[in-house]
Amino acid sequence: MGNLLSRLKTLYFGLEYLLDLNKTLNHVLTRASAPPGLPVPNPTPSYWLEDPPFPDLVHLQSPTLPSRADIVIIGSGITGAAVARSILQECLRKGQTRQIVVLEARTLCSGATGRNRGHMKASPQELFADMRGRHGEERAAATTRFQLVHVGVLTRLCRQEGWEAVERREVTTADLFLDDEGREKRMEEVEELRRWVPELRMDVLGAEEAREKFGVNDYVQGAISYPTGALWPYRLVSSAWNDLLTKFLKSISLEMVTPVLSIYPSSTEGYAYEVVTTRGTIHCDHVVHATNAFASHVLGHMTAQHPGTRFPNFDGRLSWSVIYEKAYDYVTQRPMTTYGMPGDIMLGGGFNRGRDQGLDHIGRWDDSQPRWGDDREGWRVKKAWVGCIAFTGDGMPFVGRLDPELTGWRPGRKSTGNGVEPGDEREDLPDAPGRLPGKVVDWFPAELKPSLERVKRADLSNLVKYAP
Ligand SMILES: Cc1cc2nc3c(=O)[nH]c(=O)nc-3n(C[C@H](O)[C@H](O)[C@H](O)COP(=O)(O)OP(=O)(O)OC[C@H]3O[C@@H](n4cnc5c(N)ncnc54)[C@H](O)[C@@H]3O)c2cc1C
């Protein structure tokens with residue numbers, strides 16, 4: 001009898017635990033699926049935003065908000081800058097002019113791009129394993145190659161444009177495994193990836209070798225290592241904006257501290273949409289959402305720290321991901337200072353160390369709360385900040401034209417035709433810094449397009465299904 005009672009009790013507690021877990025998960029999904037609202041006006045000050053190379057751009061606004069534009073881009077991070085640059089350069093090549101207005105809720109590039117880790121790292125074995133399950137080996141290999149090519153494209157862009165302030169550098173990254181299970185899983189993924197993307201140089205190291213090569217401690221059970229890159233993301237993007245303002249002054253205006261409140265089909269002849277902001281309304285033909293906000297959000301934590309005297313000094317050419325259980329922390333280091341001091345360490349991660357194994361961070365879009373307090377003079381942490389990381393239910397970004405059924409907006413009265421028609425993806429494009437040459441269809445993975453079916457499939461609840 002006692003035995004039966006104790007079993008019933010165990011069963012009861014087990015059920016209670018599962019119900020609690022289910023309640024927490026539902027709560028998180030509801031929070032993460034709710035509209036994020038506007039970016040908060042007072043985000044935690046990020047290390048990268050200090051000492052901006054173009055201080056005049058930080059709060060840049062026209063005296064009066066333009067009332068008309070061909071294209072409105074919402075968001076001044078890396079996506080907004082890349083879109084504006086591509087459009088203006090294509091217009092130049094084709095001898096056309098288009099008016100672009102960029103609307104940013106806060107200061108220049110103060111979203112995730114100004115708050116991240118500055119790592120150009122792909123985790124190719126993980127991407128390949130994830131894509132392979134859903135799309136097969138060939139598409140997985142094509143998408144992995146697309147992701148890997150970014151380091152070279154950005155490197156060439158910075159070099160050709162002479163953007164020295166970006167602090168771009170080639171880095172060897174080391175994924176360090178703290179447990180056997182994680183190591184075995186990743187090693188199998190690496191083996192498979194090698195078969196399909198053989199040109200990628202990837203070293204597999206045992207515990208001893210990893211300790212010797214990367215100066216790590218005895219907790220490390222093994223590592224994989226491959227070439228990546230790192231840079232100062234805010235400086236990359238603000239250099240790009242500065243360049244566009246210099247070269248295309250008459251075609252672009254940057255409107256900082258101008259949150260977009262809503263978008264409607266236009267009632268004005270000749271325009272498709274009305275974009276309503278806190279400073280007035282703009283009539284336009286196209287709206288580009290570079291807001292990082294169609295998907296849901298999770299808070300990522302970052303700190304910038306002075307390295308201790310025993311921290312190995314690789315002059316910014318090595319980065320580390322420490323992989324344990326189902327989570328990881330990541331570290332990059334800036335190059336040596338001009339005074340010969342080791343560069344600052346940028347440390348982020350710790351996701352599943354948060355409340356409810358990190359679930360508490362999901363669906364948060366307030367990046368104004370460092371949850372740390374002020375630091376004391378002379379302490380090792382120089383700066384601690386948070387940023388919103390957007391993610392989708394299938395782990396891939398949405399890139400492309402949105403179906404009106406998704407936005408709920410059909411273009412209003414017919415436009416004059418001055419808008420930009422979608423480029424022909426089969427056109428053979430010339431080589432240009434910041435972009436791959438050739439036909440877009442040949443290098444852009446169609447899996448990233450936000451088709452109606454994909455957006456429905458990429459519902460956040462599917463994250464559980466796609467979880468590693
Ligand atoms: C802590 C952290 C660490 C990361 N580490 C890395 C890394 O090492 N490597 C890497 O590749 N990626 C990393 N990421 C992810 C990377 O930073 C993002 O994927 C990338 O910056 C997204 O760029 P974006 O231009 O799309 O968005 P953002 O840079 O977020 O820009 C979106 C902009 O839109 C504005 N906006 C939003 N809504 C409105 C509105 N209604 N009106 C007007 N403006 C609006 C925001 O204010 C913001 O400035 C990290 C992210 C975080 C938060």
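## Salt bridges in the predicted model

Asp51 and Arg235 form a salt bridge (a side-chain nitrogen of Lys or Arg within 4 Å of a carboxyl oxygen of Asp or Glu), their closest N and O atoms lying 3.9 Å apart. This pair joins distant parts of the chain, 184 residues apart: Asp51 is in the loop between α1 (2-33) and β1 (68-74), and Arg235 is in helix α7 (residues 233-247). Helices (H or I, at least four residues) and strands (E, at least two) are DSSP runs, numbered from the N terminus. Asp51 counts as exposed at 61% relative accessibility, whereas Arg235 counts as buried at 13%. Here buried means under 20% relative accessible area, exposed over 50%, and partly exposed in between (1.4 Å probe, protein chains only).

This is a predicted model, in which local features need pLDDT of at least 70 and side-chain atom pairs count only at pLDDT 80 or more, while totals for chains, interfaces and linings use all residues. Residues are numbered from 1 along each chain as its sequence is written, and side-chain values use heavy atoms, with hydrogens and water left out.

Two further pairs are tabulated below.

| Salt bridge | Closest N and O atoms |
|---|---|
| Asp431 and Arg156 | 3.3 Å |
| Arg211 and Glu208 | 3.5 Å |

Asp431, in the loop between α8 (404-407) and α9 (440-443), is linked to Arg156 in helix α4 (residues 137-161), 275 residues apart. Asp431 is partly exposed at 48% relative accessible area, and Arg156 is partly exposed at 30%. Arg211 and Glu208 both lie in helix α6 (residues 207-214), three residues apart, about one turn of the helix.

A network of salt bridges links Glu90, Arg93, Lys94, Glu427 and Arg435. The count comes to 34 salt bridges.
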